[in-house]
Amino acid sequence: MQYDPIKRSLGSVFNRTPALRKLFYRLLDLLLLRSWHVRRELRALRNQGMDPSRLGDAGSGFGQYVYYLSRKFPAAKITGLDIKQEQVDDCNQFFSAIGKKDSIRFEYADLTAFKREESFDLMLCVDVLE
């Protein structure tokens, strides 16, 4: 968990306003090659007619992929899962502030022991098994 101090520093800067948080998401999309791949695959699924009602992001971190999913699939219910309660609380606060608390929620989850009765149409898991 050597990245935690860096994540906290970034969070303290970009969590000041929702606009800064959205800018942070955009910067991550531009800087990280994996974001390009995720967006490409999601675009392909949409073009094939995927219209999900339940989406998940396992290891949601800052919530940037949940934000992207919420823009591309606005009618879907989205659940972000993360092992760090600090990240879960932060993301719930941000998505509530931008008016998406009814369609998006974040929950604490240890993915090594994750069990859920409800199903998802798509579960995203990016940069988790490092």
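The structure holds zero disulfides, a disulfide being a pair of cysteine sulfur atoms within 2.5 Å. This is a predicted model, in which local features need pLDDT of at least 70 and side-chain atom pairs count only at pLDDT 80 or more, while totals for chains, interfaces and linings use all residues. Residues are numbered from 1 along each chain as its sequence is written, and side-chain values use heavy atoms, with hydrogens and water left out.

Take the cysteines one at a time. The sulfur of Cys 91 has its closest cysteine sulfur in Cys 125, 15 Å away, which is too far for a bond. Cys 91 is buried, at 0% relative accessible area, whereas Cys 125 is partly exposed at 45% (buried is under 20%, exposed over 50%, partly exposed in between, with a 1.4 Å probe and protein chains only).

Helix α2 (residues 18-31) packs against helix α5 (residues 85-97) at an angle of about 115°, with the axes 10 Å apart. The two are therefore roughly perpendicular, a label for angles of 65 to 115 degrees. Axes here are lines fitted to C-alpha atoms over the stretch in contact, and angles run from 0 to 180 degrees between N-to-C directions.

Who touches whom? From α2 come Pro 18, Arg 21, Lys 22 and Tyr 25, and they meet Asp 90, Cys 91, Phe 94, Phe 95 and Ala 97 of α5, contact meaning heavy atoms within 4.5 Å. By type, the residues of this contact are six nonpolar, three charged and no polar, with Cys, Pro, Tyr, Phe and Ala among those that count as nonpolar, and Asp, Lys and Arg among the charged.

How values were computed. Helices (H or I, at least four residues) and strands (E, at least two) are DSSP runs, numbered from the N terminus. Angles under 35 degrees count as roughly parallel, over 145 as roughly antiparallel, 65 to 115 as roughly perpendicular and the rest as oblique.
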